[in-house]
Amino acid sequence: EATALLHGKECLAQIHETVKNMFSGKGESTESLPRIFVTQEDMDGEGVGFLDLFLKLELSTSKKDARRLIKGGGAKLEDEKIAEETARLTAADFADGKTE
């Protein structure tokens, strides 16, 4: 529902197909998924807040929407729910190949 509101219903079929193929092992490209790049400098110290990342990825239209997403359990990193709205992405999240 949130994706449809943010990106429009016309892109839902493509997103669902991409996700389905990714998780079924068909090797579907992830090129159509939103992405940003973070640098080592971004990760130094406290890292980057997920609220800011969601805004940059256009997964939410405001920090309020991002907080709602996190509180509702709809935000995950490597299959683990992001429980706190103040959580941050840090260099430790990339250890052992966890996150690419």
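This is a predicted model: local features need pLDDT of at least 70, side-chain atom pairs count only at pLDDT 80 or more; totals for chains, interfaces and linings use all residues.

Modeller: A polar atom of the Asp 93 side chain lies 2.8 Å from the backbone nitrogen of Thr 90, a polar contact being a pair of N or O atoms within 3.5 Å, where within protein one must be able to donate a hydrogen and the other to accept it, and residues adjacent in sequence count only if both atoms are side-chain atoms. Residues are numbered from 1 along each chain as its sequence is written, and side-chain values use heavy atoms, with hydrogens and water left out. Asp 93 is in the segment after β4 (88-89), strands being DSSP runs of E of at least two residues and helices runs of H or I of at least four, numbered from the N terminus. With a relative accessible area of 14%, Asp 93 is buried (under 20%; exposed is over 50% and partly exposed in between, with a 1.4 Å probe and protein chains only).

Turning to charged pairs, Arg 67, Lys 71 and Glu 85 are linked in a network of salt bridges, each a side-chain nitrogen of Lys or Arg within 4 Å of a carboxyl oxygen of Asp or Glu. The closest N and O atoms of Arg 67 and Glu 85 are 3.1 Å apart, and because Arg 67 lies in helix α5 and Glu 85 in the loop between β3 (80-81) and β4, this pair ties together parts 18 residues apart in sequence.
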